[in-house]
Amino acid sequence: MLNPMRSLTAWLFLAPALALLAVFSFWPVAFGSLLAFTDYSLIRETHWVGLDNFRYIFDNEMFTTGLKNSLLFLLMVPFVQIGALSLAVLVNNQLPGIRYFRAAFYVPVVTTVSVVGIMWGFMFHEQGALNYVLMTMRLVGAPVGWLSNDNLALFAIMFVTLWRGLGWYMVMYLAALQAVPTDMQEAAILDGANRWQRFWKITVPMLRPTIMICSVLSVLAALKAYQEVDVLTQGGPMNSTFTGLYYAYDQGLKHLKLPRALAASFVMSIFCIGIALLCLRYIKPKHR
Amino acid sequence: MKTLGHYLLLCAIAVVCVFPFWWTLVTALSTEGNIFAFPPTFWPKQPSFDNFIEVFNAIPIWSFFRNSVFIALCTVFWKLALCSAAAYPLARMHFKGRKLVFGLILATLVLPSEVNFLVNFITVTKLSLVDTYTGVILPNVVTAVAILLLKQAFEEVPQDLIDAARVDGASEWTIFSKIMLPLIAPWLATVGILTAVEAWNEYIWPSIVMSKPDEFPLSVGVLYLRGTFGSSTRVIAAGTVLTILPTLAAFLFTQRFFMRGMDGAVK
Amino acid sequence: MKPKFTPYFETLVKNYEAGNPGVKVEWVDFPWDIIQTKLVTRIVAGTPPALVNLNVPWADEFARDGLLAPVDALLGDARPRYLASTLEDLTFNGKTYGFPMYSNVAVIAYNTQIFKAAGIPHAPRDLDEQLLFARRIAARTGKAGLCPALSKIDGLMMQQGLAVIKDGKAVFNSPAHIALIAKLAETYKDGGLLKDALFAEDNFPAAIDAYKGGRLGMLLAPPTAVKRIESDAKDIYAITDVAPAPLGPTGIADGGWLVHFAVPKNVDAKLLPAIGKFARYLTNDANQLAFAKQASVYPAMAQAANDPFFTTVPPGAGAAEKAVSAGAVSMPHSHTLYVAGITDYDELRRYLVKAVEAGVTGKQDVKQALDQAVAIWNKKLAAQRSR
């Protein structure tokens, strides 16, 4: 039932948040997108250059590989989501000491990204811990160049991103699991349903909105991945681990070639929007 | 027996998750031995707190810590306040323009924000917020993720509760603050802790906005340990541990807000 | 710089203010990681610092983007006192862009135990010996011998007297270049080069970590790094010895790394003379010497560089002390090797590194890889010229 008083109240609730979003999210993106069509260089005069920046980046192997890799990152999403949900289920109980396990799974999320880089760099070393374990267990014959082999490096990085993300989504699934009313579960037990059936027929459907949101967030995060590249390989070996946004970050923050960085960002945005729309089309969230 | 299996599985996964932090901790506590020996050491040799003491001597860690706490708490408070306020009408009220607003908010989710810092810095300068904590906090207070999550949380609340309250003549504000917010407490806690961690670890933006080193948060402050001169891997490790521990402690502490009673829980 | 150098800078500022009433100097110290971003944002906001600490590659990019002011006028008569090589490194397009502060040069640290096991009698005297020893170390001890910074292959080529660019065209596919890369490839194949992070943008952390872990035979590092070995890995430090870094045929020592003070472009012009005066004070002989002694680096002033501190070795010196004098030997020959003056150089460099990586790891034939990279370079250089 629409009434003007209601509308006004609604807008009042929304106003502060929208104002901040407008100033700190929309404006930079709008202005930045505009700058992508110029040769803005901080000090000198700025001129309109049309599609020059875009032509440049598409002619650049680092960006095109980056774009492709960002799309490859999407492969990660199902693993992250299933993994996080499983972890949440595993810790959604009152076993003694369970909160320490929850904290343990959350540690990758709070570990500063530079430490993540140092440690995983160490693990993935040719003479690092991972190869040591694999060779001791006779799973491989010779040290594997996880980060130095251009066919493997991207997947190594994807693994680290997955490792960092599990805890984050676990926390969300945990909150969602907490909200599942227990009376339905009890009724189902009385009806003779076993654990597996209860999980699939009751829990999962109730979790549906959270799964939707988390999946979309995960997809967008995959497309926007760049931090792990920065701390582990900086784009190598042989430019094989660039991602779209890492290219933007590298050009923008390290080489201060802002128009190009913004052009790359712009292109990535288009992809994000496109894929997000696809997601929304296929998995229309149900409003009660 | 099944419980044992459960624990073993948990332990195995925990090891994979925790080892980098463990290694950093071991390095921070060691004073002897070769950090980079291979196979790697998993237990500190000659453990002591020397490196931690060195961190306290090298940088004004209490100031940094205090600044970080301030920033984190303010960010969490304002974020929860403003984002829940925004999420409520989107979830539970019908009004003109609802779809549009929601779409716009989703749009910000999709747009990469890494390169926004420069334009935001110009904005912050124009608003005379440089070198203030407000300047650091304000841009991060409203995010689409938080609004989305809280919106979904509100949607879970049974409609009849709201209808009853409205029938009773309660104002929207009363419904919001006295009924809705308490009902979504676990989600508030979730968003709260995620926000706190993010605010705690952020270093690029605060380093740009603040210009007095004494006012830097911890995430920036520890970078001083990594100077070209006199950087010791062990001291850096100690600094890193000191940065991570508070967030872990906060996480452990807020667990009770997530986990409502499991009475009647399934075996 | 904090907190180790806080007394140094505070004394310096106090003395200057005492001698120059009416002048207020503020020293603010930021972590190296954020300096670039901070400088840029300050410039954009219109509140740039008067002087900023930079290194040569950053200075080159900033100067080219028009963010730095030339300081020829401000150097004035102090100019001849600086080491000529340092001023050369800071001169782009005929203008100088900084007040040299200190430099670093590499020495070669080597693990005496590994050397003995591999039957190597002395420190390598040039690149060929480095590679040869590396192969021997791999053959006899199974450990890697060397971890050259191949992401800076352009610097290495230049040090060996092979130009990367001539007359605006890429020339790194000449037979001499191919031979150099082929030598590296052979050493790689024999396990002489540390495989991990060999081509990383900054492989020094990996190299020094491997050395500290006893997995690397030789390490090219500045004396400051040798000190870190002392604190992080005493057992390896005890068996470490140092020698001056091998000079290439150009007589240029490896690892030159100049740090200087630059002046951002939009600083208030009225302040420039005062800035110049302070900068000259900041980087004068006495101050540079004091700093260099404390920091284990080398001054960029000729007189200070010849101070006996750097040239004499105290009795009973450990590797770190020896490193200082070993480095002093190389200092006059030190240059920051960097191909300056080309737009988007970093992108071009990455193509070169990729080609070298393909050739060295055996993924592609060396000549083919280099030819491909040369083609890409020339195409992009031509496009740049036509803009």
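1. What share of the contacts in chain A with a separation of 6 or more comes from residues 24 or more positions apart? That share is 68%. Bear in mind throughout that this is a predicted model.

2. On secondary structure, chain A is simple to describe: 13 helices and zero strands. Read in sequence order, the pattern is α-α-α-α-α-α-α-α-α-α-α-α-α.

3. For overall dimensions, the C-alpha trace of chain A spans about 75 × 70 × 30 Å along its principal axes. Chain A has 288 residues, and 50% of them count as buried.

4. Now the interface. On the chain B side, 72 residues are in contact with 75 residues of chain A. The elements of chain B that each give two or more residues to that side are α1 (2-29), α3 (61-92), α4 (98-110), α5 (117-126), α7 (144-155), α10 (185-201) and α13 (233-258). The largest share comes from α1(B), with 11 residues.

5. One local spot to look at is A:Asp59. You'll find A:Asp59 in the loop between α2 (52-58) and α3 (61-72) of chain A. Is A:Asp59 buried or exposed? A:Asp59 counts as exposed, because it has 12 C-beta neighbours inside 10 Å, and the cut-off for exposed is 12 or fewer.

Definitions and conventions:
Residues are numbered from 1 along each chain as its sequence is written. Chains are lettered from A and ligands numbered from 1 in the order in which they are written. This is a predicted model: local features need pLDDT of at least 70, side-chain atom pairs count only at pLDDT 80 or more; totals for chains, interfaces and linings use all residues. Two residues are in contact if their C-beta atoms, placed from the backbone, lie within 7 Å. Helices (H or I, at least four residues) and strands (E, at least two) are DSSP runs, numbered from the N terminus. A residue is buried if 20 or more other C-beta atoms lie within 10 Å of its own, exposed if 12 or fewer, and partly exposed in between; C-beta atoms are placed from the backbone.
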